[in-house]
Amino acid sequence: MTTFAPDSILVFLETTLGGEPAKSTAELLGAAAGIGTPVAVIAAEAEHLEALAAHAAQAGAHSVLSAQVDSVVLTAPLADVLQQAYELVQPQAVLLAHSLTSREVAARFAVRHKLALSVDALGVQRDEQGVIASHSIYGGAFATTSAPTFGAPVITVRVGSIEERAQAQELALRALDVAAGDSAEITVQDVSSVQADSARPELRTATKVVSGGRGLGSAEQFELVYQLADALEAGVGASRAAVDAGFIEHAAQVGQTGVAVSPQLYVALGISGAIQHKAGMQTAKTIVAINKDSDAPIFEIADFGIVGDVFKIVPRVISALEARKAQ
Amino acid sequence: MKIAVLIKEVPDTGADRTLNQHTGLADRAASEAVLDEIGERTLEVALKILDSQPETHITVLSMGPETIQATLRKALAMGAAGAIHVSDEQLLGADLMLTAQVLAAALRRDQYDLILTGNMSTDGSAGMLPVMLAELLSLPAATSLSQITITDGVLQGTRELEGATAQVSTPLPAIASITEALPDARFPNFKGIMAAKKKPIEVLSLADLDVEALPADTARSIMLTVNQRPAREAGTIMTDDGQAATALVEFLAKNNLV
């Protein structure tokens, strides 16, 4: 019978539809290692479990609990797995990604165990009384910390916000046998992947992001955003105006309603910087803005701003970047 | 068919939003409170069902301060048949769990075929409440839908996953949450506004719902500290003179960003 460290932190690791570990894996285990002993829980289709467990150990899990599920889309069965792992490990905190799937798993699990939820954390620490989470509120205008009145907190962590990484561990795997729960669930008939450009960093986890706004003028001209993104090896985002105008898909929307990003570099092209857009990007480390309107609010928060024509400036930036690379 | 639509009043995202630095609570006086946009879209989904199925009965439900009544009245003017307002001083600073317990208790007082919510509020950004209600009410939840249809007691929809979409379905009763891909709400017309004056807004307290704010067996999330971040300051802003691109690349290089 394996025993678990008293300072165990249970980390629910999400699996992609293709059976790959989610990008949040390393940062969640890194966050957990900073406050205790990371124990990973994985729920996936049987054929992927072995590889996923090995990856979790490599990313810092001291032990890995795994269970087979029929689908990684439905969140009630995933919460069943987390529940069983929690009862076995009795951890001091439970960490999950603040992604669509994992936040639902967190919510279902917290309700079942009447545990306190801390959502969209940017970091986790310890104080004398236990694990606390830090948050950024109203799009980065306020910083808060939260803690439970008692018991282990269930914390969802904003993807891309944790830089710490844990040391690789030897794999210590235990299989859980989780019986099908009795939760009411929906039926999933068909899942189709949205064509993603695998060569380009994913928006949420990219360390650099180039976003385009209404100033790009058309879907064809939005190509300029992709070109600069590729020159910088950056992910691609957009303002709501650009999404509403149909220049790019909704998943790329950065802002209050959409994705919140905190990259090392955020480049805003033809984006005026409405308050709702700033709410999704103003915690970026460095902000660069190019816009023809010198009164655009984006310049109030830009570390480097250029007032001018994106269609003239950006191609020159790309050539200068290429020249630098060629040196 | 009976539909409950959950709506929420939030600080306007188009203005500066403020937390009180002593209490950690939203400073409601600092910015205008508005109906969260996703709530308007959620109501519109229900109104579209009402358009095609006139026997539909829509109840809007909200938890919050007195000011929410104006918003509930507007929802009634748009076509909702009734409204429930949960209001109690003990709900000040309520966390997600308490909010879910309160809303679940209010929903248990009737037999709804469909409970509609937005996928995520603009102030809390948790995106958790729909499945918390699903757990508390033992109902299936079809969340994050960009399309939704109800036919013969079955809900069908397109669920937006990260990097994929799924076609999902569930028999009613069920909970559904929608994304902002669905259309914005209609405006109330004069007839609707007049009719709304006669429609009921039921006000409920925690005692009415038999919910305890601090039960011994349920952990609450509390805010320990709150700090206003210093506003970002503008850095170098230049007007393009043909050399700006080079200056930008030098800036990126100096900061190890290329």
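Buried means under 20% relative accessible area, exposed over 50%, and partly exposed in between (1.4 Å probe, protein chains only). By that cut-off B:Arg159 is buried, at 2%.

This is a predicted model: local features need pLDDT of at least 70, side-chain atom pairs count only at pLDDT 80 or more, and totals for chains, interfaces and linings use all residues. Residues are numbered from 1 along each chain as its sequence is written, chains are lettered from A and ligands numbered from 1 in the order in which they are written, and side-chain values use heavy atoms, leaving out hydrogens and water.

**Salt bridges**
- The structure holds 22 salt bridges over all chains (a side-chain nitrogen of Lys or Arg within 4 Å of a carboxyl oxygen of Asp or Glu).
- A:Glu104 and B:Arg159 meet in one, at 3.5 Å, N to O.
- This pair crosses between chains, from helix α4 (residues 100-113) of chain A to strand β8 (residues 154-161) of chain B. Helices (H or I, at least four residues) and strands (E, at least two) are DSSP runs, numbered from the N terminus.
- A:Glu104 is buried too, with a relative accessible area of 5%.
- A:Arg108 pairs with B:Glu135, the closest N and O atoms being 2.9 Å apart. Both residues are buried.
- B:Asp217 forms a salt bridge with A:Lys114 at 2.7 Å. B:Asp217 is partly exposed at 45%, and A:Lys114 is partly exposed at 33%.

**Sheet**
- An open sheet of 10 strands has mixed pairing (two strands pair if DSSP finds at least two bridges between them).
- Its edge strands are β9 (173-175) of chain A and β12 (221-228) of chain B.
- Strands β1 and β4 of chain A run parallel, joined by 3 bridges.
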